[in-house]
Amino acid sequence: PSRPPSSQETNMIGKLTEEEFMAKVLAFHGHAAPGVMLGGFLVEAARAGLPEGCLFDVISESRQCLPDAVQILTPCTFGNGWLQVHDYGLYAVVLYDKYTGEGFRAAIDLKKLKNFPETWNWFLKLKTKQEQDDKALRREILEHGAEMISVRPIRMKEEALKHKSKGPIAVCPVCGEAYPAMFGDKCPLCAKGRSYDLL
Ligand code: ZN
């Protein structure tokens, strides 16, 4: 750590103070998850490269915590389609101009993370939950989150920029529900089975 923590100064997560950000994390995610907090710094690090007012789409490369950071800090949600979740378990986020496809990928940089022991141990799961000092971990992320990240410019491939339509709709001959016809002659649940029993 390069400087001692100070109670006088407030850390900023984009345009939000630490207090405003944490209130939103609690309201949206339910608890002060370190992953959402660190995710907030990733989102802002990638956004910093985009011009003001840019209409952007987001790819979250993990399905844990990170999508909530995106939904707390940007207009992009899973439901409106401006946030795509790619379940690779990589702690990285891509923000790109939805018209030009130019943007930035922010990721946790292990060379930098090494300087922050609480976050390092938590991120790489080197300590059990019991051994972990939650308060010190959260403090370290709020004070130094921005220093744990590297950002690289990206350009979306043309096929990934195209608007994806779900195409024509069919009616399932088994269950009678409407489904996208691209799945075949039955709906995907009747074709592949369900994770629950219909009672
Ligand atoms: Zn069906």
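**Pockets and the zinc site**

Author: The second largest pocket has a volume of about 390 Å³, a volume being the space filled by probe spheres set on grid points joined across faces, edges and corners. The model is predicted, so local features need pLDDT of at least 70 and side-chain atom pairs pLDDT 80 or more, while totals for chains, interfaces and linings use all residues. Residues are numbered from 1 along each chain as its sequence is written, and side-chain values use heavy atoms, without hydrogens and water.

Reader: What makes a residue such as D57 or W82 part of the lining of the second largest pocket?

Author: A pocket is an open set of points on a 1 Å grid over the protein atoms alone, where a 1.4 Å probe fits, with protein on both sides within 12 Å along at least five of seven lines; lining residues have an atom within 4 Å of a point. D57 and W82 are among the residues that line this pocket.

Reader: Which residues coordinate the zinc ion, and why is the arrangement called tetrahedral?

Author: The zinc ion is coordinated by the SG atoms of C172, C175, C187 and C190 at 2.3 to 2.4 Å; donors are N, O and S atoms within 2.8 Å of the metal (3.2 Å for Na, K and Ca). Four donors count as tetrahedral if all angles lie between 85 and 135 degrees. The 4 donor atoms here subtend angles of 103 to 117 degrees, and the arrangement is therefore tetrahedral.

Reader: Is C172 buried or exposed, and how does C190 count?

Author: Buried means under 20% relative accessible area, exposed over 50%, and partly exposed in between (1.4 Å probe, protein chains only). C172 has 2% and is therefore buried, whereas C190, at 23%, is partly exposed.

Notes: Tetrahedral: all angles 85-135°; square planar, octahedral: opposite > 155°, others 65-115°.
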